[in-house]
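Subject: Structure for you, with notes

Hello,

Here is the structure to look through. My notes follow below it.

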Amino acid sequence: MSKLTGKRVVVTRPRSQASKFIKQLDNLGAIPISLPVIEIGSLQDYSKLDAALSRLDEYDWLVLTSVNGVEAVWDRLAVLQISSLPKTLKVACIGPKTAAALQQHGRKPDFVPDDYTAEAILPGLGRLEGLKVLLTRADIARETLPEAIRAAGGLADDITAYRTLHVQPDPDGLEALRAGVDVVTFTSPSTVRNFAALLKENGLDIKQLPGEPVFACIGPITAKAAKEIGLPVTIQPVNYTVDGLLEAIIQYFEGE
């Protein structure tokens with residue numbers, strides 16, 4: 001019997017991206033509670049993204065920070081009837097999932113940092129003075145990376161490729177939360193912030209949830225967002241992936 005048997009685990013990531021994680025939890029005997037607090041949305045105006053993609057030959061680097069970013073870019077490339085990236089353009093990806101999504105489109109990344117954070121990608125870009133870097137990211141992405149590129153002498157075009165949207169709470173998920181849970185999982189800073197907002201809107205205190213759950217964050221940036229609103233982060237994996245998060249949750253309960 002798994003140490004997760006009967007443990008009630010809240011999954012806050014977008015519904016469209018949560019199915020594998022939910023299935024893994026279910027297979028281990030846990031009780032996954034789907035409570036998506038964000039969804040990925042398309043842009044209302046693609047003119048800036050389309051303009052950048054139409055002149056990719058002017059850039060030295062394309063930086064892709066998420067699977068969502070990869071898919072958003074390739075959707076627009078298809079619309080623009082651009083079949084391939086310029087051979088002179090190098091591509092950097094944050095994390096193995098982003099790299100795998102890129103390879104599904106027939107292109108291998110030129111650089112993937114060992115640490116799956118935006119800050120870690122900067123050294124792999126090499127000497128940036130005078131180089132043009134295109135970042136295609138979410139509308140709420142942090143400014144850390146483009147600011148660092150500019151500080152290093154590079155020219156950073158930070159273009160929104162998709163939106164992160166607040167969603168209406170799932171009634172079943174809220175009911176389960178009120179009944180008591182064991183773990184709440186966060187996979188991005190936006191899931192932390194939107195989860196907190198959702199609870200406030202529904203009369204729940206995030207610091208006094210029924211069942212006294214522990215909070216599990218996928219990586220240091222997400223953990224920082226949790227700590228900023230006063231949440232203790234009990235679980236954080238070594239590898240900043242959903243698989244790593246699941247392994248860290250298992251290890252936590254095995255150590256109890």
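In which sense do strand E1 and strand E8 pair, and over how many bridges? E1 (residues 8-11) and E8 (residues 183-186) pair in the parallel sense, over three bridges. Val-9 stands opposite Val-183 in E8. Strands here are DSSP runs (E, at least two residues), and helices are runs of H or I with at least four, numbered from the N terminus. Two strands pair if DSSP finds at least two bridges between them.

Some ground rules. This is a predicted model, in which local features need pLDDT of at least 70 and side-chain atom pairs count only at pLDDT 80 or more, while totals for chains, interfaces and linings use all residues. Residues are numbered from 1 along each chain as its sequence is written, and side-chain values use heavy atoms, with hydrogens and water left out.

First sheet

E1 and E8 belong to an open sheet of five strands, in the order E2-E1-E8-E9-E10, with parallel pairing. E2 (31-34) and E10 (233-235) each have a single partner strand, so one side of each is left without a neighbour in the sheet. Neighbouring strands are turned by 35° against each other on average, direction ignored.

Another open sheet of five strands runs E3-E7-E6-E4-E5, and its pairing is mixed. The edge strands are E3 and E5 (90-93), each pairing on one side only. The twist averages 25° from one strand to the next. E4 (residues 61-64) pairs with E5 in the parallel sense over four bridges. Val-63 has Ala-92 in E5 as its bridge partner.

Glu-39

Glu-39 lies in E3 (residues 38-41). Beyond its neighbours within four places in sequence, Glu-39 is in contact (heavy atoms within 4.5 Å) with residues including Pro-14, Arg-15, Arg-163 and Val-167. Its side chain reaches the backbone nitrogen of Arg-15 at 3.0 Å.

Helix pair

H8 (residues 189-201) and H9 (residues 220-228) pack at about 25°, with their axes 8 Å apart. Axes are lines fitted to C-alpha atoms, for helices over the stretch in contact, and angles run from 0 to 180 degrees between N-to-C directions. H8 and H9 are therefore roughly parallel (an angle under 35 degrees). Pro-189, Val-192 and Arg-193 in H8 meet Ile-221, Thr-222, Ala-225 and Ala-226 in H9. Those contact residues divide into five nonpolar, one polar and one charged.

Best wishes

Conventions:
Angles under 35 degrees count as roughly parallel, over 145 as roughly antiparallel, 65 to 115 as roughly perpendicular and the rest as oblique. Ala, Val, Leu, Ile, Met, Phe, Trp, Tyr, Cys and Pro count as nonpolar, Asp, Glu, Lys and Arg as charged, and the others, Gly among them, as polar. A polar contact is a pair of N or O atoms within 3.5 Å; within protein, one must be able to donate a hydrogen and the other to accept it, and residues adjacent in sequence count only if both atoms are side-chain atoms.
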